[in-house]
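Trainee: Please show me how to read a protein structure, one feature at a time.

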Amino acid sequence: MSASLSPLPADAPWVVMKFGGTSVASVERWRNILELACTRRAEGVRVLLVVSALAGVTDALKAMSNENDAGERKAAADRLFERHAELLRDMQMPMPTNVAARLDDLRALAAAGPVVDDALAWKAQVHAHGELLSSALGAAFLTASGLPTQWIDSRQCLRAISLPNQNPRTRMLSATVDARPDPALAADLATRGEVMIAQGFIARDEGGRCVLLGRGGSDTSAACFGAILKAARVEIWTDVAGMFSANPKQVPSARLLRQLDYEEAQEIATTGAKVLHPRCLSPLRSPRVPLWIKDTYNPQMEGTEIGPQVREAAPSVKAISTRSNITLVSMESVGMWQQVGFLADVFDTFRRHGLSVDLIGSAETNVTVSLDPTENLLDSDAVAALAADLAKVCRVKVIAPCAAVTLVGRGMRSMLHQLSSVLAEFGQLRVHMISQSSNNLNLTFVVDEDVVDALLPRLHELLVRAGSLRSDDTQLFGPTWHTLYGGGEHDIAPAWWHDARKQLLELADQRTPRYVYHLPTVRERIEGLRTLGAVDHFHYATKANTHPRLLQVIAGAGFGLECVSPGELSAAAAAAPDAPRLFTPNFARRADYAMALESGATVTLDALHPLQHWGELFHGSSILLRVDLGRGLGHHQKVRTGGTGSKFGLPLDQLDTFLTLARKLGVRVRGLHAHLGSGILDAGHWGEVYAQLAALAERVGSIEILNIGGGLGVPSHPGEQPLDLAALDRVLCKVKAAYPHYQLWMEPGRYLVAEAGVLLARATQGKRKGELNYLGIDAGMNNLIRPALYEAWHEIVNLSRLGEVATTLYQVVGPICETGDILGSDRRMPESGEGDVMLIAQSGAYGAVMASNYNLRETADEVIIE
């Protein structure tokens with residue numbers, strides 16, 4: 001395959017390519033390696049392949065080395081012989097002499113067993129055979145396939161060094177390599193060939209003995225080779241495309257991280273990401289060698305590039321990671337206060353018991369630490385012995401099992417104000433420790449282990465929605481895991497405005513700021529909701545958008561109109577006089593209820609006061625009762641409408657009092673209502689509300705209607721998946737099957753109109769302050785207050801330059817004299833100038849209806865596209 005290639009010059013750059021156990025476990029995967037190595041060689045670089053043992057072999061060798069019975073060790077060695085022989089048969093190759101020699105050597109080691117005085121050295125020799133065998137086998141296969149590949153012994157290239165804090169075990173089985181650039185070694189290897197293969201995981205110590213680099217050490221081996229050779233880059237080829245913003249097995253919407261600097265990648269790897277060994281980045285920093293992570297089976301996919309650069313960008317969360325099996329040790333004593341040497345004594349106790357401390361939190365009389373959750377720390381006897389020794393000097397409490405949840409990103413402290421929704425989520429949990437590093441790269445919460453699986457997806461969504469995890473920055477964030485591996489994702493952008501660009505630019509030429517509503521999109525959303533067969537009736541929440549034409553279209557589709565004020569009732573009656581009206585106010589005046597009852601609207605109450613003080617007004621009427629189920633949901637604290645921190649709904653402990661008052665007044669409670677918040681994308685939420693209301697209805701006895709509210713979420717950030725209506729219908733149908741005697745109502749609002757609306761504005765001027773580029777537009781928080789009020793995220797595009805390369809990071813601001821007049825932070829767009837037309841998407845809900853003339857600025861007008 002390489003016969004047609006010109007010989008490489010002596011100074012040709014190196015590329016180190018590492019392949020893990022699954023990547024070398026079959027002939028098909030060795031063919032992948034062959035193709036990748038040929039591709040790199042054709043690019044004019046010298047290739048060094050670093051390989052792990054075949055998948056499962058290291059574990060088998062470890063089990064063999066722990067076996068005391070010589071017969072069992074021999075049987076294990078025979079099984080390993082057959083494993084490699086089977087792969088050679090698949091490759092249609094005879095047993096190479098060097099592979100046979102390695103297998104014979106392994107059998108000899110198994111027969112001999114450990115030497116009493118040097119058991120660790122014997123164990124290292126046994127474990128090393130996984131990589132020695134896979135590399136020898138690989139060299140033979142690649143050479144036979146037409147790519148001459150020289151086998152080299154990593155133990156002749158990588159030299160371990162002794163560190164002060166190492167014990168004999170770590171020096172032998174978890175060694176550290178001297179990875180300083182070695183031009184002489186690089187020159188020597190260059191004389192041996194153009195493609196070489198070496199072993200990961202192994203090195204030699206000062207005495208020439210074989211040592212190991214610890215589990216996952218092949219990544220570290222590749223990095224050490226990259227540093228010693230001053231390679232153009234190190235490539236880690238694995239079974240995923242790179243690092244993601246969360247564990248994609250738990251969060252399918254996690255985004256590929258395209259670019260990271262060494263420090264960020266180190267934090268992500270150290271705090272739980274499995275794709276990269278935490279130790280492998282350290283050797284690369286000084287020689288500034290980049291590292292790529294790529295998918296062996298999908299080499300065309302982009303991956304993660306890690307390098308020395310610190311990107312010029314605003315602070316943001318790059319990833320959220322978790323580690324389980326954390327053990328906390330809490331130590332409390334008044335004697336530690338201002339006591340010189342107390343902590344030194346405490347940590348010496350940890351050292352003597354061989355336990356590594358990770359996180360540390362302290363107060364005047366308490367120190368709490370976490371034990372690093374590595375394999376050698378799972379010995380409960382060691383923890384018990386530690387606690388017994390510590391109890392001599394302080395009160396000790398061991399808390400387990402716990403999990404550490406870590407947010408990683410540069411400038412963490414400057415983002416705390418953006419993390420209110422995340423902090424509120426932790427506020428509902430038992431948080432045992434909070435840790436924030438001095439390098440300002442992470443923020444860690446230690447919680448009970450059993451909450452993490454459900455917590456992680458919620459936190460990732462909250463970070464995206466709060467803008468803390470700036471998934472709109474396409475230079476940093478790539479596709480979602482679901483897009484890459486799960487069959488694609490739905491378009492989340494309202495495609496209509498792309499197609500209507502010419503018309504929108506013409507409308508902007510007439511006037512800005514201007515709202516534009518696209519009725520075909522509204523009709524599409526209506527048809528989507530009609531697929532929910534379990535729902536008997538919809539009421540549109542008119543507060544989302546009261547434009548008369550929208551009300552006509554929605555009511556014309558058979559929807560009722562839900563109103564919260566006399567003004568909305570009048571607007572609904574004017575636009576759609578025949579549509580059923582539902583009045584669901586909060587802390588309204590007596591006169592408001594009187595008007596609603598007189599107009600024939602169905603009234604919802606959510607407090608005792610109306611019946612306690614205005615009972616005659618409701619005498620003999622039928623009402624709905626809004627209850628507070630004790631919790632709230634939504635993308636921001638200010639859109640959560642449940643729980644004691646929210647003003648909405650009757651507390652359940654007042655339900656009996658309300659029902660007693662209703663009976664005395666002849667008021668019939670014919671329905672129960674609950675609405676917990678807005679912007680919810682989890683279909684299961686409404687099933688839970690439905691089931692809870694149904695259970696309450698059984699107690700009341702007069703209930704006919706269960707109104708589970710609205711809050712149906714609209715995905716706004718790249719990578720967010722839309723609400724799965726089919727899943728929602730399944731959830732609702734399941735509950736309805738158990739309670740078929742109740743009508744089911746819903747109150748969609750933003751879901752129907754948000755994506756149908758855009759706000760057009762025009763750029764006024766630009767300004768640079770420090771590292772920030774400000775772009776002013778003629779629409780401000782008086783036109784669209786959601787970003788300022790809810791920290792809501794709206795896509796913003798330069799419509800005049802749609803399709804041009806986005807090169808500049810902007811803070812998009814309005815003309816209002818308020819610091820909070822920011823429509824969008826850190827938006828990457830083409831270089832923009834005065835007069836450019838800007839489009840703010842998903843503005844069809846809670847836009848014009850919340851506008852004001854603050855600063856005596858004009859409000860935007862509204863235009864309909866039929």
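Mentor: Start with the elements: helices (H or I, at least four residues) and strands (E, at least two) are DSSP runs, numbered from the N terminus. Two strands pair if DSSP finds at least two bridges between them. Here, the partner that Leu328 bridges to in E16 is Ser370.

Trainee: What should I know about the model before going on?

Mentor: This is a predicted model, in which local features need pLDDT of at least 70 and side-chain atom pairs count only at pLDDT 80 or more, while totals for chains, interfaces and linings use all residues. Residues are numbered from 1 along each chain as its sequence is written, and side-chain values use heavy atoms, with hydrogens and water left out.

Trainee: How many helices and strands does the chain have?

Mentor: The chain has 28 helices and 37 strands. Its C-alpha trace spans about 95 × 70 × 55 Å along the principal axes. Of its 866 residues, 56% are buried; buried means under 20% relative accessible area, exposed over 50%, and partly exposed in between, with a 1.4 Å probe and protein chains only. A contact means heavy atoms within 4.5 Å. Among contacts in the chain with a separation of 6 or more, 76% are between residues 24 or more positions apart.

Trainee: Now the sheets. In what order do the six strands of the open sheet lie?

Mentor: In general, strands of a sheet pair through backbone hydrogen bonds, either parallel or antiparallel. In this open sheet the order is E15-E16-E14-E17-E19-E18, with antiparallel pairing. Its edge strands, E15 (357-362) and E18 (431-436), each pair on one side only. From one strand to the next, the twist averages 30°. Within the sheet, E14 (residues 319-332) and E16 (residues 366-371) run antiparallel and are joined by six bridges.

Trainee: Which strand holds Ile326, and is Ile326 buried or exposed?

Mentor: Ile326 is in strand E14 and is buried, at a relative accessible area of 1%. Ile326 also shows how sequence and space can be read side by side: Arg255 is 71 residues away from Ile326 in sequence, and their C-alpha atoms are 26 Å apart.

Trainee: Which helix lies across E14, E15 and E16?

Mentor: That is helix H11 (residues 342-352), which runs at about 25° to E16. Such angles run from 0 to 180 degrees between N-to-C directions, and axes are lines fitted to C-alpha atoms, for helices over the stretch in contact. The buried residues in H11 are Phe342, Val346, Thr349 and Phe350. Viewed down the axis of H11, these buried residues lie within an arc of 100°, so they line one face of the helix. The arc is that of the directions from the helix axis to the C-beta atoms. Ala344 and Arg351, on the other side of H11, are exposed. Just after H11, Gly354 has a positive phi of about 70°.

Trainee: How do I read the length of H4?

Mentor: The expected span of a helix is 1.5 Å times one less than its number of residues. H4 (residues 97-112) has 16 residues and reaches 23 Å from its first C-alpha to its last, close to the expected 22 Å.

Trainee: Where does Thr149 lie, and which residues does Thr149 touch?

Mentor: Thr149 is in the loop between H5 and strand E3 (150-151). Leaving out residues up to four places away in sequence, Thr149 touches Ala139, Leu142, Thr143, Val195, Met196 and Ile197. With a relative accessible area of 7%, Thr149 is buried. A polar atom of the Thr149 side chain lies 2.8 Å from the backbone oxygen of Leu147.

Trainee: And what about a parallel pair?

Mentor: Strand E22 (residues 537-541) pairs with E23 in the parallel sense over three bridges. Tyr540 stands opposite Leu561 in E23. Strand E23 (residues 560-563) is covered on both faces: Gly560 and Glu562 are buried on one side, Leu561 and Cys563 on the other.

Conventions. Polar contact = N/O pair within 3.5 Å; in protein donor to acceptor, adjacent residues only side chain to side chain.
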